[in-house]
Every structure is written in C-alpha cells, then in structure tokens.
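Visitor: I would like to understand how charged side chains pair up in a protein model. Could you take me through some examples with care?

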Amino acid sequence: MESSSSSAVTTRSISSASGENNNFMVVKEYWQTWQAGDLHNVLCMQGGDDDSSYAKNSQASASAITLCKPLLLTAIQSMKLFFIETNEGDSDTAYYDSIRIGDLGCATGYNTLATIDMIVGSLRKRYLNECGFDPEFEVFFSDLPSNDFNSLFRSLTSMFDSVSDDNNKTLNKYYAAGVPGSFYHRLFPKSKLHIAVSLSALHWLSQIPKVVLDKTSPAWNKGRAWIEGANKEVVEAYAKQSEKDLQDFLVCRKEEIAIGGMLFMLMGGRPESQPPENQLGDDADSRAKHPFTTSMDQAWQDLLHEGLIDEETRDMFNIPAYMRSKEEVENAINKCGGFEIKRMEYTRIVEHSEEKQQEWIMDPVSYGRAKANLVRATLRPIVEAHIGPYLCDQFFNRFQTRVSSDFNLLHKTCFYGVIIVCAIRI
C-alpha cells in the first residue's frame with residue numbers, strides 16, 4: 001500500500017505542469033533518504049519470481065559459476081577434512097562436529113542452491129570414502145537484510161530432501177539457516193566456518209564513495225551512472241573504496257574460517273593489463289553493450305530531457321560496483337595475511353550464445369525486454385530508492401526502448417570479466 005501511495009504522489013506531481021519544482025522535491029526526498037543512510041538498506045537483487053526477478057535473470061552469474069565449478073570441485077577434493085575423536089583407539093566413541101558452510105551474498109534462485117548442493121555432495125562423498133562416516137552439514141545463506149530471503153527459502157526444497165547411508169539410515173542433505181548482514185562485517189563466531197564461498201557478489205561495494213556524491217568535488221561523476229571511462233578522481237575514489245571493502249571482507253573471514261578451511265571467491269574483474277578506468281578492458285563492443293554504460297546513461301538523459309528529473313538527480317545516481325584486477329585481489333589477501341592463495345584466475349564469459357544473439361537480432365523488441373529485465377533484476381531496488389516507484393518504471397521503459405532501437409548494439413558481443421580465487425586459511 002505504501003508503494004502505491006508514493007507512486008500516486010509522484011504521478012500527480014509529474015502530470016502537473018505547474019508543479020515541476022514539487023516533482024523534483026519529491027524525487028530528491030527519495031534519494032536523499034537512502035543516500036543519507038546506508039546503502040545496505042536498499043542494495044539487493046530484485047526478489048520474487050516474476051520476469052524481472054533475479055531468479056529469472058541470473059544467466060550471467062550462472063555461466064560464471066558453471067565456469068568456476070571445476071576449480072571449486074578440485075579445491076574441495078584437496079582441502080582438509082574436519083573431525084574430532086574423543087577416546088583414542090575407540091572408534092565407537094568417535095564423533096564429529098557438523099561441517100559448516102557459508103554462502104556470502106547468496107541472493108535468491110537456482111544458482112546458490114545448486115552450488116551448495118554440489119559442495120555438500122562432494123564433501124559427503126569424500127568423508128564416506130576417506131573417513132567411513134557421513135557428517136552432518138550446516139549451511140548458512142547470508143546476504144543483506146534487504147535480500148528476499150522468503151523467496152530463497154521457498155526454493156529450498158532440497159533442505160527437506162534426504163539421502164541414505166550404507167545402512168539405509170535417512171539423513172538430511174543439510175540444515176539451513178539465514179544470516180542477514182553485510183559481508184563487510186563479522187557474521188559468524190570465531191573459527192565457525194569450514195568453507196566460505198562468495199559467488200558473483202564481491203564486486204558490489206559497501207557504499208558509494210562520499211566524494212562522488214559531492215557536486216563540489218572533482219570526483220562528481222557528471223552524466224554517468226558508472227565509472228567505466230570516468231575521470232581519474234571518480235575512478236580513484238571507487239578504487240579506494242574497493243580496496244577498503246575487500247580488506248574488510250578478508251579480515252572478517254580470517255576470524256570466521258577455521259584453520260585449514262577454504263575461502264572461494266568469484267567476483268567481477270578486469271584484465272591485468274587494464275587500468276581501473278577501463279573496467280571492461282579494451283573491448284569496445286563490451287563497453288558499448290554493457291548494461292551499466294551507454295544505454296543506462298541514455299535512459300537517465302531521456303528522463304532529464306523530458307523534465308521528469310533534474311541534472312542533480314541524474315548525477316547523484318551511481319552504481320556501486322567495481323571490477324578489480326588480479327593484482328588488487330592478491331595485494332589485499334597478502335596484506336590481510338592468514339590465507340594462502342591456492343589458485344587465482346581471470347577469465348571472460350560471453351553475455352549469451354551466438355544462437356540467442358541471432359534470435360534477438362530478428363526480434364529486437366524481445367531483446368530490449370530481456371536486457372531491461374536483466375538490469376531491473378540487479379538495479380531496480382536502488383533505482384526505485386533514488387527516484388521512487390513511478391519514475392523507476394519510466395526509467396526502465398526508456399532503457400528498454402533505447403536497447404531495442406539500437407540495431408548496431410544488437411550485432412555487438414558483450415563479455416563479462418571474472419576473477420576466481422581459492423585460498424586456504426593458515
């Protein structure tokens with residue numbers, strides 16, 4: 001009911017030619033409210049299971065997770081196994097703690113559940129083969145409080161499935177719990193976790209750098225929603241925030257992961273040879289087609305030209321994402337200490353298959369709709385917090401139109417860079 005009321009207020013202010021200043025005041029109430037507070041109150045993937053939900057628009061993340069799956073399985077096969085024995089030589093009294101796994105930045109949908117099933121299944125097989133027993137597993141799904149945990153747990157049918165051991169004893173696959181909070185802070189007691197994974201989440205920052213939101217600062221990011229190609233002051237501010245955030249993340253995990261435990265990270269990244277201002281590398285097609293660049297800025301400009309927002313409102317919107325290099329990640333891990341990097345790779349994934357691209361070239365309207373849904377799934381909560389529900393819908397309509405009408409864009413191929421890291425707690 002509250003959203004409907006806000007939408008009605010915004011609609012009335014927009015439709016009144018004499019109320020243009022009131023409209024801008026209404027809009028500014030939205031972004032001043034969330035930017036005066038913490039980003040974690042509004043930053044989340046779009047919940048639910050409709051066409052614009054993250055659950056229905058996480059193909060890029062799914063591709064990245066599929067790509068890193070062999071590395072994750074190899075890491076699980078080589079990591080330490082955890083168990084305790086009470087009376088030496090008396091196997092009947094041997095017991096073991098449950099194996100505890102944390103999924104940090106879990107969001108919603110199939111990706112997180114499939115990954116956890118794979119981790120638990122692989123570890124269970126190792127314990128049975130090498131130790132002769134089947135431990136219990138605890139899985140902690142963690143994300144910001146604004147995450148749609150309801151949808152996640154409704155999807156968690158695997159929690160109620162069971163497996164049987166060699167004696168036909170029925171066992172739960174794992175016991176699940178939700179842990180709301182920012183992974184840039186402590187989430188678990190000391191040495192609680194045996195495995196911590198963070199998949200397609202660490203490129204999201206804890207906040208937009210304050211200097212970027214100061215229009216008197218050289219870091220004021222005028223006319224852009226993101227930092228790809230931005231001036232050096234903007235990029236430096238984001239790079240500094242990224243460095244602090246990753247350090248905070250690692251320090252917290254250093255406390256929470258047991259000695260011998262594993263930290264596995266998959267995050268957006270950029271090629272080693274590229275400076276921070278080239279977040280997407282030197283690929284002109286990727287820079288043009290990425291959902292955070294050209295079409296995004298054009299959609300904001302459309303709202304400005306139509307008198308629905310003012311320049312300050314456009315320029316105050318910044319996407320809190322940063323693509324690190326391998327060097328930046330390695331430096332952060334070495335500075336933190338307590339981890340040994342076992343493997344780190346940079347690679348690229350393609351936006352979609354060649355067959356799908358040919359299909360969308362023949363149907364640009366469908367492509368525009370799909371692209372808009374992808375961006376809604378990742379950015380709608382912060383766009384709506386910035387300009388309110390009515391203008392948020394108008395923004396994504398403009399974005400969809402821009403994408404559908406740019407025929408040159410349809411023939412370009414966009415790649416996403418990712419960094420995969422496996423580290424052991426020492």
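Guide: Let us begin with Glu 345, which is partly exposed at a relative accessible area of 25%, where partly exposed lies between buried (under 20%) and exposed (over 50%), judged with a 1.4 Å probe on protein chains only. The model is predicted, so local features need pLDDT of at least 70 and side-chain atom pairs count only at pLDDT 80 or more, while totals for chains, interfaces and linings use all residues. Residues are numbered from 1 along each chain as its sequence is written, and side-chain values use heavy atoms, with hydrogens and water left out.

Visitor: Which side chain meets Glu 345 in a salt bridge?

Guide: A salt bridge is a side-chain nitrogen of Lys or Arg within 4 Å of a carboxyl oxygen of Asp or Glu. The N to O distance for the partner of Glu 345 is 2.7 Å, and this partner is partly exposed at 43% relative accessibility. The side chain in question is that of Arg 343.

Visitor: How many salt bridges does a search of the whole structure find?

Guide: Another of these pairs joins the side chains of Lys 222 and Glu 311, at 2.7 Å from N to O. A search of the whole structure gives a total of 23.
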